[in-house]
Structures are given as C-alpha cells and as structure tokens.
Amino acid sequence: MGKLYKFLKYSFITIWTVFVVAPFLWALTTSFKDFNSVNGGATYIPWVDFEPKLEGWKVLIKSPANGGVDIIEPYFNSLFVTCTASLISIVLGTLSAYALSRFTFKAGFVKNNDITFFFISQRIMPPIVLSIPFFLFLGAIDLLDSLIGLIVVYIVLLMPIAVWIMVDFFNKVPREIDETALIDGCNPYQAFFKVVLPNSIPGLIVAGMFCIIFGWIDFFFAFILTFTEVQLLPVKIVALNSSITPWWSLSASALVSVAPLIVVAFIVERYLSKGNLSGAIK
Amino acid sequence: MSKIDLNNISHSYNPNDPNPIYALNPFSMTWENGKRYAILGPSGCGKTTMLNIVSGLVRPSAGNILFDDKDVTDLKTESRNIAQVFQFPVIYNTMTVYENLAFPLKCRDFLKDKIDERVKSVADILNLQSFLNSPARKLTADQKQLISLGRGLVREDVAAVLMDEPLTVIDPDLKFRLRRKLKEINEEFKTTLVYVTHDQNEAMTFADNIIVMSEGEVVQAGTPKELFERPNTTFVGYFIGSPAMNLFETEASSNDSVKINNTIIKTNTNLSNLKDKKIKLGIRSEFIKIAKNQSENLLNVDVEKVEDLGNYKLLTAKMGSLTIKSKINRETEIPSSDVKLYIPAEKCCVYEEEKLI
C-alpha cells in the first residue's frame, strides 16, 4: 500500500512537472532557433538538432530603425505601472480592509459586508463592460495613452483583490490584539501600524502577489487604453507577430516577460513552505 | 492604583431597539484601592462586559465610571492607564518576549533604563528570564499567557489590572503558583486586581471580595465568608460551595421555625410576616452534623450513600422525597440506620422568592 502510494504519488508529480516545465523548455529552445530550424521539422537539442542563434534575443533590444522591436521601454513601462498600481492598491486596500474588518458602518441597509461585496463585485463584471466607461473617463480627463491613466485603471482593477484578501485576513486576526494594544497605550493608529500590520505581513505578501500577477499579465486594458505614446509589454509582444510568425523572438519575449513573476513566485514560495501563510489564503 | 467607582452602570448591545436586551443591568459598586476582587458567574452573565466597560473597550449605555473620583466614562482606553489580560494569550507575534513586555512602557515613553528594570523584574516574577530574547511566537501557549500577564503587570502605576479568566490555558500546578504570585504582587505593590472567573475555588482562594453575577445582574458582592455563609439568593447558594447549598421548599410554622416533612426546624430569622407563604430553607452541607446530644432541629433520615472524598465524607441522605447532603468529618462513624442530622439554627438561611430574608 505504502509503496504503491509512493509510486503513484511520484509518478503524478513527475508527469505534472513535465507538463509544467515543457512549455518553458519549448520556448527556451525555440528562442535560440532561426527560420530554418523552426520550419525544418521538430528539433530539440541545441548543437545536435540545430545550430543555436541569438537573433531572436537580439531583435528584442534593437531599435526599430535597425530592424528590431525594442521591448526595453515597454518592459519598464509595465514594471512601473504594475508596481505603482500594486503598491497603491495594497496601501489603500489594506486600510479599507482594516476599517471594514474592525469598525461598523451603516448607511441605510448598506453594512460592512455589502461594502466588501461592492469591492469584489467590481471583478465580477466581464472586463469588456468596463472598457467603454474607462475609455470615456480617461478621455475626459485627458489621460488616454498615458502611464498615469493606466495606473488609475489598474488601481481600480487591483484594489478589490487587495481588499478581499485583507478583509479575510484581518477577520482572522483576533480583535483582542488591537484591544491589547489600546490597553497598552497605543492610539488606534499606532495599534494598527505597530501591532496589527506587522502581524499581517503574510496577508500583505499574498495580496501583493495577486496584484502584481493580475497587473503584469493584463493585455486587454493596456491594449484599449494606449495607442502610440505608451506601450506595455503584453501589447508589444502581441505586436511582434507578423505575416511570418517570428517564433524565436516571440519565445524570447515570453521568457523575459514571465521572469518577474518567477521571481515573485520564489519569494512567496519561501513564505508558503515556512507555513507562515497559513490562514492567509483560503 | 486608584479607587474605582461604578455608578449606575448598565449596558445593552442594542440600546436603540425598542426592547433593548441588557447585557448588564444597572448596578453601582466601588472597588477599593489595592484590593483583590473576583467576578464570578456562569458564562454569558456579563462578566467580560463589565471588565470591558472599566477598561474602556465598551462604553456603557448608562451610568458613569470614576477613577479616584475623576469621571473617565468618555476617556479612551489608551488614556485610562489600565491593564487587561484576556482569556487566551494575546502576544505581539513579530516581537521578542522582551519587546512584548516592554511595549506598554514604550507606548507611554518611559526611559530606557526604567523599562529595562521593570521588564527584568516582571520576567523574574513570571520565570521568563531565559526567554527574553526569543521571538514570542515560538513559546508555548502557557508561556504566551505569562507574557500577556507580564504586560499587565509591567506598569506599576496602573489604575487596576483586569484579568479575564487569565489562567484557563495554564496547567493546574502553575496555575496555583501564579495565583499565589498574583496575591503576593497585590500585597507588595498594592495593585488593584480584578479577576474574572467561573471557577468558585479560584475566586474563593484569590479574592478579598467576590462579586457574583448572573444573567447580567450583580447578585451579591462580599467576602468569601459572607458569600458562603449568608448567600443573598438561592442562586449564590447554589453556585458557590461544593456541593451546592441544601435547599428545602417549606413554609413557616411559627415566628422563627419552619416545617420540613413534619419536623420543626428552628431558625434565627423572624418569619412572622411569612405565614402561608412559600419559602425555602437553605443550609450548607458543611454545617449539617450527625446529632450527638442535641434535642431539637433534628432530621430523621435514611442514608442513601456515603462517598469518601479524601479529606471528608459526603453523606447523601433521604428524608421522604428530600435529598440532604452533608459533609462529615472522615473520622466520624456514620451509623447505617436511625441517623439523625442536626441543623444548627444560626446557620439556616431562609429565602422568599429566591431572596434571603
């Protein structure tokens, strides 16, 4: 029984690993190929099956004048927009979540849970529903095709995630912690910053991770709300495609774009394996 | 260290409702400086609400609270200088044990040397010296509760230390030592201690004064002796003491005696106004003795069972449908038949509508 279980367990893990890693390997090898090695049938092993070339990678950093696509600027645009929007969302989201978790609000029939649901409901609508209002709104305040405009939109999209995760997290932090801090002599702000917040770092990390992922991978709004002045990475990558699909540079840019998320995953994984996030996500 | 006055305090969690439900019915009380109080009562009787009102976590619906004759009803918790320890350990996970203990002093801008001195002395009392530099979250549950307790004791100038069943998670042996320690702290530093519990032994051994509560009402406040010998209500008689007070439904038969199963029992209570009224006679099992040469106040009973409880024997006897419990000295022989129990008149309590006359 034990042996069979072990065998099945490891078989499953192996298959799963192959399933997860294969696309990355495919992208990695493809990024070093050229037109001939891609179109000449399936090839896998560099130097044996095909001669590795750096052309796919070079294109990404060359300026368009030299026949390249230059993803460096969009890359930093994406980093800037995602990080700024995530940071602001986390700060605002955490503050609102704490208020929703600890204080009682009442406006007519609207109570705390309704407000929390209002935040989450922003993500229930299909994004396409939001695109027209966003477009008109940014147009009205002259922020179409700008980094600031994108940040504003991303805050609207990311803050519900932060609120949702943090309300759940704060609800699990016993109220006695705040009360003890008050008794020990903190005012409510000190109680929050000195005691509750340091205890909520696992929740902040999870909320931050989700914000960064959702911000980083967004194509839809970046595509609709920007034109020529500002471009984000997902839009640029899609723009790489042409009549002859450049698999090599597409693969290279896919790897580059996924890199920050891998870094985030490794940081979060350290916390996950320590068990520090127990209760942070459910 | 202050005198705390609670004047006509009452509290409801739904005060705007047409029919508000009171968690705490109006009561007044004074907690003297430097004494030990226990608030005793079953779960949900308003003990914690009372503490939270004193510490300011809850604002009472009516009445006011005075610390040393100064009205603090509207003063925020952080400005009241009060310490409160909860039932379950509350520690600051991200800090070390030392930082946890120092926190209340740091929040009040004490000097570093003073903080150090106080933290070390509290750690000494609670045997936490060797853990001072460990992260607080790594400690066991009872050590964590010691930290909570330590944070309550670290300030010398607090108005009172309020403890809400603080020793629930601590093992019995340590519990006993800590209770004694708390008593010592109270005697040495004259800190007012208020201790909430539902365990009467804990209350009896710890406090100078016990406040018994039931269903949001303060039913009796007094010394352990008063509560034991003269319970104000049948509830107190039932709740305090083990076994509970013997209570017999009866009626007055003359000015000072009652009739139990046709036996006349004299009491020291004037019953002249209670003719034909339903009353109850209460007597502690500790005061009921096997009759030797007494000639009155005797009950003829059948022995149902005798349990040897180590330091005493518990006699359960029947008289018709009545059950009588009596604590008998270990050395006393209990005859198997023809047992007469003596009820001392001065220990009898008479209750009308569950209230002591």
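Reply: Buried residues make up 41% of the 357 residues in chain B. A residue is buried if 20 or more other C-beta atoms, placed from the backbone, lie within 10 Å of its own; it is exposed if 12 or fewer do, and partly exposed in between. This is a predicted model: local features need pLDDT of at least 70, side-chain atom pairs count only at pLDDT 80 or more, and totals for chains, interfaces and linings use all residues. Residues are numbered from 1 along each chain as its sequence is written, and chains are lettered from A and ligands numbered from 1 in the order in which they are written.

Now the build. Chain B has 8 helices and 21 strands. These are DSSP runs numbered from the N terminus: H or I over at least four residues for helices, E over at least two for strands. Along the principal axes, the C-alpha atoms of chain B fill a box of roughly 75 × 50 × 30 Å. Take the contacts in chain B between residues at least 6 apart in sequence: 64% of them join residues at least 24 apart. Contact means C-beta atoms, placed from the backbone, within 7 Å.

Next, the domains. Chain B is assigned domain 1 (4–235) and domain 2 (244–356). Such bounds come from an automatic or database domain assignment. The C-alpha centres of the two domains of chain B lie 39 Å apart. Their contact takes 6 residues from domain 1 of chain B and 9 residues from domain 2 of chain B. The domain 1 side of that contact has 2 nonpolar, 3 polar and 1 charged residues. Ala, Val, Leu, Ile, Met, Phe, Trp, Tyr, Cys and Pro count as nonpolar; Asp, Glu, Lys and Arg as charged; the others, Gly among them, as polar.

Last, the helix pair. The axes of helix 2 (residues 97–107) and helix 3 (residues 112–125) of chain B come within 9 Å and cross at roughly 130°. Axes are lines fitted to C-alpha atoms, for helices over the stretch in contact, and angles run from 0 to 180 degrees between N-to-C directions. Helix 2 and helix 3 of chain B are therefore oblique to each other. Under 35 degrees counts as roughly parallel, over 145 as roughly antiparallel, 65 to 115 as roughly perpendicular, and the rest as oblique. Helix 2 of chain B contributes B:Tyr98, B:Leu101, B:Ala102, B:Leu105 and B:Lys106 to the contact. Helix 3 of chain B brings B:Ile115, B:Arg118, B:Val119, B:Val122 and B:Ala123. By class, this helix contact has 8 nonpolar, no polar and 2 charged residues.

Key. Two residues are in contact if their C-beta atoms, placed from the backbone, lie within 7 Å.
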